[in-house]
Amino acid sequence: MILHRILILACLFSSCVSFPLIQDKLNSFTKQKHLHTISRISLPPDPAPEAVSPSYNVDSASSITTFNVQSFGAIGDGVTDDTQAFKMAWDTACQAEKSGILLVPKGHSFMIQSTIFTGPCKSGITFQIDGTIMPPDGPDSWPIKSSKKQWLVFYRINGMSLQGGGVIDGRGEKWWNLPCKPHKAPNGDSLPSVCDSPVAIRFFMSSNLTVQGLKVKNSPQFHLRFDGCQYVDIELLNINSPAQSPNTDGIHIENTKNVKIYNSVISNGDDCVSIGAGCHNVDIRNITCSPSHGISIGSLGIRNSRACVSNITVSDSVIKHSDNGVRIKTWQGGLGSVSKVTFHNIYMDTVRNPIIIDQFYCLSKNCPNQTSAVSISDILYSNIKGTYDVRSPPMRFSCSDSLPCTNLTLSEVELLPIKAQVVSNPFCWNAYGTMQTLTIPPVFCLLEGIPQSMQQSDSAGC
């Protein structure tokens, strides 16, 4: 088992105006969750030095122990390396018989290096961040032996809340300015990235997670990423990075199911929320994205891979001054399916591509044409209103030649140009669907019915 865990860890490192609902939610900050007790404790990621007489605060009324990182030697001056103190506090809290609070106190800034907080633990843990956590300042300060792919990793955790009124500051500016990062070419295209940058917070193979109340800013790459997780509740987050910061997705989920993302504000340089392969039962509600690249499913099917995504709902949200609104993007040559997706009650304010399906997604002009594709079906767009940037059509359904999009449904869609008198026509290619109500602009380019023959089944093994 120890060898198995070491191999997995090695792979891990190689690799705006919101709706009134948010006001009701702001009053309920702390949740009680039923946590599954796991008896076996894993080894800590690295040997930790002995603490110098650590002290614990016990709430006698609730018998909850608080593990303050300063009791384990953390300095919190923003300069001293507090990594080992955080590891010791985590290991101690993880091995406690009863649920405890790992406290990052207010009024201090703690610098910690790339670290894995590993489980399973004997009981649930509340990771309470009231102060500030930050990594080393840029790639030149990053330890040579530390992974440049991620910063804070939570691995094999069952029952944890990451919360507080503090700040997780990724200090990403020096990473964004690396010559290998995407920058705009003279023709306006993005040049590809060829170097690693750390994801700020990554949950890997974990369950029963709550992330709430925090401010996460300036990540070198994705701000939060969930891989192979289930039963994830995300609420009341403020994610912020500059509009031109490359690859700074707000929240990315991959191979993750039963996810709720509620009542949060995200401003960043890439997708506000991105949904990758293997995601099912995802509910996104009352999100404000401004600016961003919108809320995206994909990209899926890269390098002829299989991707299965289903039961996705995005509702009661605002997307402002963004490149895209709600988007589904797949590569040619992929397999699998995207199905049962609902986009409902979404307001667009000056969005370049409010509604887009792109089954020809490609980051260069040299992508080969391929016949296989990730199928797209049963997509509902309802009560989507607002304004769009006239440089692109307000709706674009660009579907595979061999595997058309099917059962697209539009209802109460009203999109008007922000600075023009003429309404642009939507674009359709091999897109089958219906207008339940007359949309603005009308989508007369949709094909009726179901295509008689397709080269692969809709389910495609999903």
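Two strands count as paired here if DSSP finds at least two bridges between them. Keep that in mind for the close-ups below, which all come from a predicted model.

**View 1. β16 pairs with β13 and with β19.** Strand β16 covers residues 230-235 and pairs with β13, residues 207-212, in the parallel sense over five bridges. To find your way around this pairing, look for Val 211, whose bridge partner in β16 is Ile 234. β16 also pairs with β19, residues 257-267, again in the parallel sense and over five bridges. Here the pair to look for is Val 232, which stands opposite Val 259 in β19.

**View 2. An open sheet of 11 strands, paired in parallel.** Read across, the order is β6-β9-β12-β15-β18-β20-β22-β24-β26-β28-β30. β6 (115-118) and β30 (427-429) sit at the edges with a single partner strand each, so one side of each has no neighbour in the sheet. From one strand to the next, the twist averages 15°. Helix α3, residues 83-94, lies across β6 and β9 and runs at about 10° to β6.

**View 3. Inside the sheet, β20 next to β22.** Zoom in on β20 (residues 273-275) and β22 (residues 295-300), and you'll see them pair in the parallel sense over three bridges. Two serines mark the spot: the bridge partner of Ser 274 is Ser 296 in β22.

**View 4. Lys 174 reaches Asp 137 in a salt bridge.** Their side chains meet at 3.2 Å, N to O. The two residues come from distant parts of the chain, 37 residues apart: Lys 174 belongs to helix α4 (residues 173-176), while Asp 137 is in the loop between β8 (132-134) and β9 (150-155). Lys 174 is partly exposed, at 45% relative accessible area, and Asp 137 is partly exposed too, at 28%.

**View 5. Asp 196 and Lys 149 link two loops.** This salt bridge has its N and O atoms 3.2 Å apart. Asp 196 lies in the loop between α4 and β12 (199-204) and Lys 149 in the loop between β8 and β9, so the pair ties together parts that are 47 residues apart in sequence. Asp 196 is partly exposed, with 40% relative accessibility.

View 6. The closest N and O atoms of Asp 227 and Arg 225 are 2.8 Å apart. Asp 227 is buried because its relative accessible area is 7%, under the 20% cut-off. Arg 225, at 22%, counts as partly exposed.

**View 7. Thr 409 and the residues around it.** Thr 409 is part of strand β29, residues 405-417. With 12% relative accessible area, Thr 409 is buried. Leaving out residues up to four places away in sequence, Thr 409 touches Ile 379, Leu 380, Tyr 381, Thr 434 and Gln 436.

View 8. The chain has a mean pLDDT of 86, and 82% of its residues reach 70 or more. Over residues 1-53, though, pLDDT stays under 50, and the model has 100 contacts beyond four places in sequence for this stretch. Residues 184-188 also stay under 50, with four such contacts.

Notes: Residues are numbered from 1 along each chain as its sequence is written. This is a predicted model: local features need pLDDT of at least 70, side-chain atom pairs count only at pLDDT 80 or more; totals for chains, interfaces and linings use all residues. Side-chain values use heavy atoms; hydrogens and water are left out. pLDDT is the predictor's confidence in each residue, from 0 to 100. Contact means heavy atoms within 4.5 Å. Helices (H or I, at least four residues) and strands (E, at least two) are DSSP runs, numbered from the N terminus. A salt bridge is a side-chain nitrogen of Lys or Arg within 4 Å of a carboxyl oxygen of Asp or Glu. Buried means under 20% relative accessible area, exposed over 50%, partly exposed in between (1.4 Å probe, protein chains only). Axes are lines fitted to C-alpha atoms, for helices over the stretch in contact, and angles run from 0 to 180 degrees between N-to-C directions.
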